Amino acid sequence: MVHFRLERTVPLPQPEVWRRLTNWPRHGAAVPLTRVVVVPAGPTRQGTVVVARTGLGPLGFADPMEVTAWQPPTDDGPGLCRLEKRGRVVLGWAELETHPGPGGRTRVVWREELRVRFLPAPADPLLRTASRTVFGRALNHLLATPG
């Protein structure tokens, strides 16, 4: 099991940061060889399922994640989205938080617990490094592009 945490502070208002982080199809554009669909289509809420399919052609896997907590930010309060990974290959959870900061800035915290079935524990350091790199780049992309 791998745990990691990413933090960023950006010069954007919290509602815009929340919109960028929770526009799920944009995650597919930020993660190589990945496409994201949302079921049901429409506004995210508790119970929404976000499915990230990573791979090339028939070689790949689906990472279905159910939204189990959905608390958009308020004018002066934080936002929290928790996704429980429900797949056959990838298990764990992810949490995305936004916090208001001084001068209209927003602090983002992305926490994740990740387990890849059939991957032995000695591979955890490599999985942690790869996950921090891939998701760190995805987070930077999501925050940098208005989309």
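Q: How do β5 and β6 pair, and over how many bridges?
A: They pair in the antiparallel sense, over eight bridges. Strands (E, at least two residues) and helices (H or I, at least four) are DSSP runs, numbered from the N terminus. Two strands pair if DSSP finds at least two bridges between them.

Q: Is this a predicted model or something else?
A: This is a predicted model: local features need pLDDT of at least 70, side-chain atom pairs count only at pLDDT 80 or more, and totals for chains, interfaces and linings use all residues. Residues are numbered from 1 along each chain as its sequence is written, and side-chain values use heavy atoms, with hydrogens and water left out.

Q: Back to β6. Which residue there is the bridge partner of Leu-83?
A: Ala-94. β5 and β6 also form a hairpin, with three residues between them.

Q: How many bridges join β4 to β5?
A: Six. β4 covers residues 59-71 and β5 covers residues 79-86, and these two run antiparallel. In β5, Leu-80 is the bridge partner of Gln-71. Glu-66 has Glu-84 as its bridge partner in β5.

Q: Why is β5 called largely enclosed?
A: Six of its eight residues are buried, so the rest of the structure largely encloses β5. Buried means under 20% relative accessible area, exposed means over 50%, and partly exposed is in between, using a 1.4 Å probe and protein chains only.

Q: New topic. How many aromatic pairs are there?
A: Three, from a search of the whole structure. Rings of Phe, Tyr and Trp (its six-membered ring) pair if their centres lie within 6.5 Å; planes under 30 degrees apart count as stacked, over 60 as edge-to-face and the rest as tilted.

Q: What about Phe-4 and Phe-135: stacked or tilted?
A: Stacked, because their planes are at 15°, with the ring centres 5.9 Å apart. The pair links distant parts of the chain: Phe-4 sits in β1 and Phe-135 in α3, 131 residues apart. Both are buried.

Q: And Trp-18 with Trp-70?
A: Those planes are at 50° and the centres are 5.1 Å apart, so the pair is tilted. Trp-18 is in helix α1 and Trp-70 in strand β4, 52 residues apart.

Q: Are those two buried or exposed?
A: Trp-18 is buried, at 8% relative accessible area. Trp-70 counts as partly exposed, at 22%.

Q: Which residues do ring pairs link into a cluster?
A: Phe-4, Trp-110 and Phe-135.

Q: How much space is in the largest pocket?
A: About 580 Å³. On a 1 Å grid over the protein atoms alone, a pocket is an open set of points where a 1.4 Å probe fits, with protein on both sides within 12 Å along at least five of seven lines; lining residues have an atom within 4 Å of a point. Grid points are joined across faces, edges and corners, and the volume is the space filled by probe spheres set on them.

Q: How many residues line the largest pocket?
A: 26, of which Val-31, Thr-54, Asp-63, Lys-85 and Phe-135 lie nearest its centre. The largest share of the lining, five residues, comes from α3.

Q: Where is the cis peptide bond?
A: Between Val-39 and Pro-40, with omega about -5°. Pro-40 is in the loop between β2 and β3.
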